[in-house]
Amino acid sequence: MSVKVPKGWTAVRFGDAMRLEGRREPIDPSRSYKLLGVRWYGNGAFLREERIGQGLSAHHIYRVQPGDVIYNRLFAWKGSFGLVGDDLADCYVSNEFPLFSARLDRVDPQFLLRVLQHPRTSERADAFSTGTTSISRNRLSEDDFLHFPLVLPPLAEQRAIAKVLGTVEEAIAKIEALIVALVDAKHATMRELLTRGVRREKAPMKRLPARWVLGRVAEGITHIPADWDLVTLTKVAKLESGHTPDRKEPTYWDGNIPWISLQDADALTKVTISESAEAIGALGLANSSARMLPVGTVVLQRTANVGLASVMGREMCTSQHFANWICGNKLDPYYLQQVFRHMSREWERLVAGSVLPDIYMGTFKALQILLPPLAEQKKIGEVGVAFDLRIEEERSTLTALSENRKALAQELLSGRVRLPDSMIAHHRDKAGQAA
């Protein structure tokens with residue numbers, strides 16, 4: 001086994017650390033069964049569905065137990081590995097989900113989980129999976145899985161490593177939950193602001209036209225403040241289409257003029273966009289329909305990730321995949337950005353059933369929006385931007401923490417970085433477990 005073994009560690013196989021479990025039971029046609037699935041990329045087992053036995057095609061089913069190692073034979077190459085948690089104790093799987101119990105005298109289950117989550121495990125699964133196609137037929141056999149190499153530290157060190165990585169994972173989970181809460185809070189807040197305004201006093205209201213459809217930011221809204229208007233967007237903003245210079249002319253792309261393309265999806269989630277993955281030159285600008293768009297232009301993605309909207313922080317150009325809105329003196333760019341970002345259901349409706357999502361430019365010419373007084377637009381935009389900036393900050397923290405967790409796991413699981421003995425000592429001689 002050509003595996004570099006750190007001092008004090010042992011080179012073994014997966015089969016030395018776990019054993020295949022059977023627990024096969026005949027299916028009772030009248031019984032209801034909770035069936036598990038296993039998510040990709042090491043994200044673990046989950047309750048997939050509950051079905052009556054008579055609706056299952058197999059004659060036997062397999063009972064799981066908390067602590068079982070489980071994987072999906074068909075998608076092992078996608079990292080479909082995990083441990084069965086206590087909350088899934090009364091569940092079952094088909095024979096496509098082999099079950100293994102950890103040998104607790106040799107391996108800590110939580111350490112083993114981190115090994116299973118490591119990209120190297122899914123890479124090995126990909127190499128050993130056999131079948132006609134990787135998408136529909138490749139399967140990893142139990143024998144091949146149990147022959148994967150494994151380098152084991154002493155049990156106390158395994159537990160210490162799992163504890164360190166688990167602490168980072170808990171922090172990641174908290175940030176993920178915070179982001180979800182912020183997104184939900186923003187949605188609820190903006191729904192109120194974009195339909196009722198920021199004023200606290202009971203303002204006079206007026207009825208919306210019954211046939212108002214495009215641009216709707218909330219269902220069931222029939223009245224708006226009396227000093228708001230319902231306007232066709234092209235009446236208060238100039239619509240510009242993007243354009244792609246000829247890629248056969250390399251000189252068109254020798255420049256430093258930012259050119260927004262589909263490669264900039266991540267950048268468009270930011271409040272403002274000032275840099276792009278690609279740039280064009282003066283020749284590309286002069287010899288195509290591309291044009292420079294001013295600072296403050298609201299750029300809206302109309303294909304692929306439909307509905308992404310950002311505000312240009314500098315003069316930029318865009319590809320044909322974007323609708324660009326140059327706001328007039330009655331429309332605040334950040335208000336329009338927040339309207340676009342809140343219209344997720346409207347964008348989904350417009351591209352429903354499309355294989356390649358695409359909103360045609362002609363559709364935008366009929367787009368209507370609610371238009372508060374300019375001062376109120378700015379206040380609404382400021383609230384939405386404040387939410388977005390906080391969400392951006394938390395997402396950046398999440399990305400950095402996830403990258404750090406990945407790097408830390410790589411170093412700790414390989415033994416290139418060793419934990420101090422003072423940390424390992426806390427995990428020696430734990431009750432009920434050999435150390």
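Here is a walk from the whole chain down to single side chains.

**The whole chain**

Bear in mind from the start that this is a predicted model. Zoom out and show the cartoon: the protein chain has 11 helices and 23 strands. Along the principal axes, its C-alpha atoms fill a box of roughly 75 × 60 × 50 Å. The radius of gyration is 28 Å, whereas a compact globule of 435 residues would come out near 22 Å. Buried residues account for 45% of the 435 in the chain. If you display contacts between residues at least 6 apart in sequence, 75% of them join residues at least 24 apart.

**Aromatic pairs**

Next, color the aromatic rings. A search of the whole structure turns up 17 aromatic pairs. Start by selecting W40 and Y41, an edge-to-face pair with 6.0 Å from centre to centre and 90° between the planes. Are these two buried or exposed? W40 is partly exposed, at 35% relative accessible area, and Y41 is exposed, at 56%.

Now jump to W325 and F364. Their ring centres are 6.0 Å apart and their planes sit at 80°, so this pair is edge-to-face too. W325 belongs to strand β22 (residues 322-327) and F364 to helix α9 (residues 361-364), so the pair ties together parts that are 39 residues apart in sequence. Check the surface here: W325 is buried, with 0% relative accessibility, and F364 is buried as well, at 1%.

For a group of rings, select F14, Y71, F81, F100, F128, F145 and F148 together; ring pairs link them into a cluster.

**A charge over a ring**

R247 lies over the face of W253, at 4.3 Å from the ring centre.

**Helix α7**

Last stop: select residues 333-342, which make up helix α7. How much of this helix is buried? Nine of its 10 residues are, so α7 is largely enclosed by the rest of the structure. Show the side chains of the buried ones: P333, Y335, L336, Q337, Q338, V339, F340, R341 and H342.

Notes: Residues are numbered from 1 along each chain as its sequence is written. This is a predicted model: local features need pLDDT of at least 70, side-chain atom pairs count only at pLDDT 80 or more; totals for chains, interfaces and linings use all residues. Side-chain values use heavy atoms; hydrogens and water are left out. Rings of Phe, Tyr and Trp (its six-membered ring) pair if their centres lie within 6.5 Å; planes under 30 degrees apart count as stacked, over 60 as edge-to-face and the rest as tilted. Buried means under 20% relative accessible area, exposed over 50%, partly exposed in between (1.4 Å probe, protein chains only). Helices (H or I, at least four residues) and strands (E, at least two) are DSSP runs, numbered from the N terminus. A charge sits over a ring if NZ of Lys or CZ of Arg is within 6 Å of the ring centre and within 35 degrees of the ring normal. The radius of gyration is taken over C-alpha atoms; the globule rule is 2.2 Å times the number of residues to the power 0.38. Contact means heavy atoms within 4.5 Å.
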